[in-house]
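User: I would like to learn how to read side-chain features from a model. Could you walk me through some of them, giving the idea before the case?

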Amino acid sequence: MPARRIRRLVLGATLLTAAVTLPAGPANADTAPGLDRFYHQTLEWKPCDNAALDAAGARCAGVLAPLDYNNPDGRTLTVAISRIAATDPARRRGILITNPGGPGGAGLAMTVNTQKAMTADVRAQYDLIGMDPRGVGRSDAVNCTIPVPTMLFSAGFDVFGYARDTAVAAALATACVGTDPEKARKITTRNTARDMDLIRSLLGEKKLNYFGASYGTYLGAVYTQMFGDHADRMVFDSAVDPDRYYVGLYQDMGAINEYALDDWAKWAARHDDQYHFGSTPEAVRAWVEDLIRRSAGHEIYGSGYLVDEHTIPMMLLALLPNPQLNPNLAEVLTMVASGVAGGPIDMDALKAKIVSVVPLDAAGMAAIMCGDKAAPRDPAWYYGNVEAARPTQPVFGAFANNITACAFWPDPVEPPTEIHNATPVLIVANVHDTRTAYSEGLALHADLTGSRLVTLADTRIHGAFRPDLSPCLNNIVNTYFATGVRPDQDVTCEPDFGWFPK
């Protein structure tokens, strides 16, 4: 398809953002005068009004932070944090801040699940700190006037479907930025890292310990670059390559999710008597690809959720990162197939199965990703990449290379952070990770020259530090948090294959 025609098809969409022209941001700076009132505030700890956190004995507080650290006399926002106290005050050595990824993931209650993989020795030593990053959840969430469940879609099968996605991306950028331009542009990873250091100081700690997953590894790496003297024991699980964040990160998801679909198809073929997708992996994959094709022109909409060729690949993407969700994916596809064929479909139940696994905030995700690094602007560039990927990535190539709201976002207020330092972190990377390709973990390992790498072999999983998956890996992470001792060299761990569904 000629680039000229693509540009004509999307011109009406891009005009929506033409009026959003904003001034350049402040100069790059990690500190600014006038921050005393933030660093000397008194936190008020209260019940969290969250069932899981309250049951775990957590308390919550709001941290006042400047919207712009270079303009501390300007607007402010409140960052919501939670704290589960160390179980042995006599052995307490500090705080351990967590981040679940996304970007756009609310992390206030992340500690409830993270502590399940921690040993009693670790829990004795740390106050576990959860946090909704600025612009997300309870931390003055970004408000976009278009209530889409995600900012990520698959481009469909032709240029007309791609033009629709371009229009949605442009409209989302206008809705997010136009509502409050000043705020939307300050919801960035660098500012979240500054918030983390503010939290460290307010809690009376000279050093910050950290566990971040997925995007949380990028946030952690940015923190080590900006505040390396304050970084203590830090674990990055399912690591991101800072140089490929975020456009390259998504491009890398194409091939690894094609592998993941084939891996799931092996399981589904073994359960053909229950799901009837096909008795061989090849037949299962063919059934899935046919379902996506049949959904084109048979859109199903309800409960704020759309089912068509643009969203079914995203449902697969949501449920493939964990083999224990194999039955969930089969149930979702059964529901979708019924709806596409004109039969009954419970949209509330379908939406619940997806959102419960990926509870991301589309507005927060857009603000953080687009505010961190400028994306290519030309719609034809994305469409060319989509078409080039189709032969080898028939299900996920149109997602991995698709246009997003970032193509229409104003330029970031700060340059992206260049990661290169010797902070002695522990990096975890999974050979068959569906969200952060193994090559990304290797790249971060090279950028952080003092790091150690723990590889989880032969596992389709995103997020390796979890109960019972790999005792080898869990022991290394827990030993590091408890004692500060890391392996002398890079290590490969095997999973416990009893963890996987039959």
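This is a predicted model: local features need pLDDT of at least 70, side-chain atom pairs count only at pLDDT 80 or more; totals for chains, interfaces and linings use all residues.

User: Let's start with rings. How many aromatic pairs are there, and what does one look like?

Analyst: The idea is to check the distance between ring centres and then the angle between the planes; over 60 degrees is called edge-to-face. The count here is 20 aromatic pairs. One of them joins tyrosine 246 and tyrosine 250, edge-to-face, with 6.2 Å from centre to centre and 75 degrees between the planes. Tyrosine 246 and tyrosine 250 are both buried.

User: Which ring pairs with tyrosine 250 at 5.9 Å centre to centre?

Analyst: That is phenylalanine 399, in an edge-to-face pair with 85 degrees between the planes. This pair links distant parts of the chain: tyrosine 250 belongs to helix H10 (residues 247-270) and phenylalanine 399 to helix H18 (residues 397-400), 149 residues apart.

User: Why does tyrosine 250 count as buried?

Analyst: The cut-off to remember is that buried means under 20% relative accessible area. Tyrosine 250 counts as buried because its relative accessibility is 7%. Phenylalanine 399 is buried too, at a relative accessible area of 3%. Stepping back, ring pairs join Tyr250 and Phe399 with Tyr215, Tyr218, Tyr245 and Tyr246 in a cluster.

User: Now salt bridges. How many does the structure hold?

Analyst: Here you look for a side-chain nitrogen of Lys or Arg within 4 Å of a carboxyl oxygen of Asp or Glu. The structure holds 22 salt bridges. In one of them, aspartate 232 meets arginine 93 at 2.9 Å, N to O. Those partners link distant parts of the chain, with aspartate 232 in strand E6 and arginine 93 in the loop between E2 and E3, 139 residues apart. Arginine 93 counts as partly exposed, because its relative accessibility is 28%.

User: In the salt bridge between arginine 164 and aspartate 165, what is the N to O distance?

Analyst: The distance is 3.9 Å for arginine 164 and aspartate 165. At 30% relative accessibility arginine 164 is partly exposed, whereas aspartate 165, at 3%, is buried.

User: Which residue forms a salt bridge with arginine 285?

Analyst: Glutamate 258 does, and the closest N and O atoms are 2.8 Å apart. The pair links distant parts of the chain, since arginine 285 is in helix H12 (residues 281-295) and glutamate 258 in helix H10, 27 residues apart. Arginine 285 and glutamate 258 are both buried. Salt bridges also join them in a network with Asp262 and Glu289.

User: Last, helices. How many residues of helix H16 (residues 362-372) are buried?

Analyst: The idea is to list the buried residues and then ask what covers them. In H16, eleven of its eleven residues are buried. Their cover includes helix H6 (159-179), helix H7 (181-184), helix H8 (189-202), H9 and H10. At the N-terminal end, aspartate 361 caps H16, with a side-chain oxygen 3.2 Å from the backbone nitrogen of alanine 363.

User: And which residues of helix H19 (residues 438-447) are buried?

Analyst: They are Glu440, Gly441, Ala443, Leu444, His445 and Asp447. What covers the buried residues of H19 includes helix H9 (215-226), strand E6 (231-237), H10, strand E9 (426-430) and strand E10 (452-456).

Definitions and conventions:
Residues are numbered from 1 along each chain as its sequence is written. Side-chain values use heavy atoms; hydrogens and water are left out. Rings of Phe, Tyr and Trp (its six-membered ring) pair if their centres lie within 6.5 Å; planes under 30 degrees apart count as stacked, over 60 as edge-to-face and the rest as tilted. Buried means under 20% relative accessible area, exposed over 50%, partly exposed in between (1.4 Å probe, protein chains only). Helices (H or I, at least four residues) and strands (E, at least two) are DSSP runs, numbered from the N terminus. Contact means heavy atoms within 4.5 Å. A polar contact is a pair of N or O atoms within 3.5 Å; within protein, one must be able to donate a hydrogen and the other to accept it, and residues adjacent in sequence count only if both atoms are side-chain atoms.
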